[in-house]
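Q: I have a model open and would like to learn how to read it. Where do we begin?

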Amino acid sequence: MSDRDPADQDRMYAVWAEARELIKGLEGTSIQRLAVEIGDARIEIERGLPPGVPGAPTVLAPGGEFSSGDGAAAPDDSHHAIKAPLVGTFYRSGSPGADPFVRVGDVVEPGQTVAIVEAMKLMNQVTADVKGTVVEILIEDGQWVEFEQTIVLLDVADGDA
Amino acid sequence: MFEKVLIANRGEIALRVARACRELGVRCVSVYSTADAESAVVRFADEAVQIGPPATSRSYLHIPSLIGAALKTGADAVHPGYGFLSEDPYFAEICADSGITFIGPRPDVMEKVGDKATARDLMSKAGLPLLPGTVEPVNTLDEAREVCSEIGYPVIIKAVAGGGGRGMNVVTRDDDLADLYHMTRATAQAVFKDSAVYIERFLETSRHTEIQIVCDAHGSGVYFGERDCSVQRRHQKLIEEAPSLHLSDETRREVGEAAVRGALSVGYTGAGTMEFLLDLAFMEMNARIQVEHPVSEMVTSVDLIQEQIRVAAGEPLSVTQDDVLPLRGHAIECRINAEDPDRDFAPTAGRLDTYVPPGGPWTRVDSHCYPGWMISPFYDSLIAKLIVWAPDRDRAIERMQRALSEFEITGRGVKTTIPFHQRILDHPQFRSGDVTTDFVEHFMSEQVAAAAG
């Protein structure tokens, strides 16, 4: 932003530099939440923990990825359910007006992002865990979803999935 | 009053809070992990949201999911119950930031009373007696030595940030002081990320007594008498009763007033508990509703959870001190846990085939269980709180024995603490009322000796 007060920018850099130092110090600790504030400038960081650290959550790093879905709620054997990894708002695209990640009829690969679930301003990507064809997207854009609510149905009958 | 309260908890306390909401005419939302999908509160509540898998770090402790559930359902308040996030200032702050009222004290107040050194300082200023020892952290070994020679051994070194029985060591003689001082600091640093410790006189045995208070946002506070929780095993309470046999009316008034004064002096709002050891020293304050609150309700005829919700909504307390005193009759609570007392109280998870709670006069069961309910290995082992009331303690004990004998709980692999409670209630020392915190330990070694002999 060119019209930003350079003093503000300096402050923000200072906060960021301080935050980076602090993050390095967090290595191997169980601290999950950190806020650094200098004047009006504030950076808040919430981090996931490496597996094996007691109390480590397996979700919720900003922009973190999830693989989800075990097919338990699928209506028949050829269908595979991709489920919401947490409570939040469901988005079909990365930003308002952008193309949706997937449409009915698309073939998705394992690891491909199919939706975003937003919780407390953290965007959590939901990825396909198997290859398949999108048969149905069950949630309207911007609707709330619960944990493990089925959001996308894949047909895995054909192909090598 | 609130429109809708989200209950950020599970088990019996979630149902207890939901019942209070229903009676207040407030709608309630239950949140549940996949392991609790069939729980009683999910059926009872007006709405329910599945928030995560069984692991608490991703469900009942996962703040974004709880806030998400509150926003999804339009809840304007969150009741945290006990345990989980009930004393987490960060959660209270996030609730406030999201426009949701946290039913409990303000985050900054919670933080203050959660710091043991600060709480001791504040309560001492409010006129509550402390054990001989320090209010400020002890920063050097020389300082520690000075304090110990002043107050005399045995002493206990405690982490300022400690809790749950961790981060404390008893020192009985000067020779051990250096080692234990350094060890406590190191443990405190490792476990609580804060090496600060303080020192106080150690009582080998004492009576665990706690004063229940509720303060509103208009500067009023009421104390609801005390509870005696001396029947405990490794800091886990088993039986609680109210009133204590060892507190005179005059002392009750003095300590109660000081407790309220201390709480109000820090701007405390909501329900809280001041823990004391008799006679008579302030130990710490708990900024939440406690498991054993029903015994206080029984002797004061006040629904504490409803008061808690009322004051959080900005309403004044519905009762005055004069409505509450004198305490009426005697109440006892037994915690019925899915644990095997013969195997060191190991938790026994399993599905309940039979669950027939007792009934009859002045017999209350706070429980989320029903036949077919699965006692899950993921959570605490509390099956039910059995509470009875009677005009005096002897008759309350008789009533409790009658109620325990009616309670039928069976399930594959499930053992309960019912037989253990029955034996304690029959013990002459318990009957006499002369119980201190070492009672259960002595009782158990007696049982072992009797079995061997």
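A: Start with how the elements are named. Helices and strands are DSSP runs, numbered from the N terminus. Keep in mind that this is a predicted model.

Q: How many helices and strands does chain B have?
A: Chain B holds 16 helices and 21 strands.

Q: Is chain B compact or extended for its length?
A: Compare its radius of gyration with the globule rule. The radius for chain B is 22 Å, close to the 22 Å that the rule gives for 453 residues, so the chain is as compact as a globular protein of that length. The C-alpha trace spans about 60 × 60 × 45 Å along its principal axes.

Q: What share of chain B is buried?
A: Buried residues account for 49% of the 453 residues.

Q: How do I read a sheet?
A: Look at how its strands pair. Strands of a sheet pair through backbone hydrogen bonds, either parallel or antiparallel. In chain B, five strands form an open sheet with parallel pairing, ordered β3-β2-β1-β4-β5.

Q: Which strands stand at the edges of that sheet?
A: They are β3 (47-52) and β5 (101-102) of chain B. Each has a single partner strand, so one side of each is left without a neighbour in the sheet. Now follow one pair. Strand β2 (residues 27-33) of chain B runs parallel to β3(B), with five bridges between them.

Q: What is the strand order in the open sheet of eight strands?
A: In chain B the order is β13-β12-β9-β10-β11-β14-β20-β18, and the pairing is antiparallel. The edge strands are β13 (281-286) and β18 (363-367) of chain B, each with a single partner, so one side of each lacks a neighbour in the sheet. Neighbouring strands of this sheet are turned by 25° against each other on average, direction ignored.

Q: Where can I see the pairing residue by residue?
A: Strand β9 (residues 207-215) of chain B and strand β10 (residues 221-233) of chain B are antiparallel and share six bridges. There, B:Val214 lies opposite B:Val222 in β10(B). Next, go to strand β12 (residues 270-278) of chain B, which is joined to β13(B) by five bridges in the antiparallel sense. B:Met274 has B:Met285 in β13(B) as its bridge partner. A hairpin through two residues links β12(B) to β13(B).

Q: Is helix α10 of chain B mostly covered or mostly open?
A: Count the buried residues along the helix. Helix α10 (residues 293-300) of chain B is mostly covered, with eight of its eight residues buried. Among them are B:His293, B:Glu297 and B:Thr300. Just after α10(B), B:Ser301 has a positive phi of about 60°.

Q: Why is B:Thr184 called buried?
A: The cut-off is 20 or more other C-beta atoms within 10 Å. B:Thr184 has 23 within that distance, so this residue counts as buried. B:Thr184 belongs to helix α8 (residues 174-192) of chain B. Beyond its neighbours within four places in sequence, its contacts include B:Ile157, B:Met168 and B:Val197.

Q: How many residues does each chain bring to the contact?
A: Chain A gives 16 residues and chain B gives 15 residues. On the side of chain A that touches chain B, ten are nonpolar, three polar and three charged.

How values were computed:
Residues are numbered from 1 along each chain as its sequence is written. Chains are lettered from A and ligands numbered from 1 in the order in which they are written. This is a predicted model: local features need pLDDT of at least 70, side-chain atom pairs count only at pLDDT 80 or more; totals for chains, interfaces and linings use all residues. Helices (H or I, at least four residues) and strands (E, at least two) are DSSP runs, numbered from the N terminus. The radius of gyration is taken over C-alpha atoms; the globule rule is 2.2 Å times the number of residues to the power 0.38. A residue is buried if 20 or more other C-beta atoms lie within 10 Å of its own, exposed if 12 or fewer, and partly exposed in between; C-beta atoms are placed from the backbone. Two strands pair if DSSP finds at least two bridges between them. Axes are lines fitted to C-alpha atoms, for helices over the stretch in contact, and angles run from 0 to 180 degrees between N-to-C directions. Two residues are in contact if their C-beta atoms, placed from the backbone, lie within 7 Å. Ala, Val, Leu, Ile, Met, Phe, Trp, Tyr, Cys and Pro count as nonpolar, Asp, Glu, Lys and Arg as charged, and the others, Gly among them, as polar.
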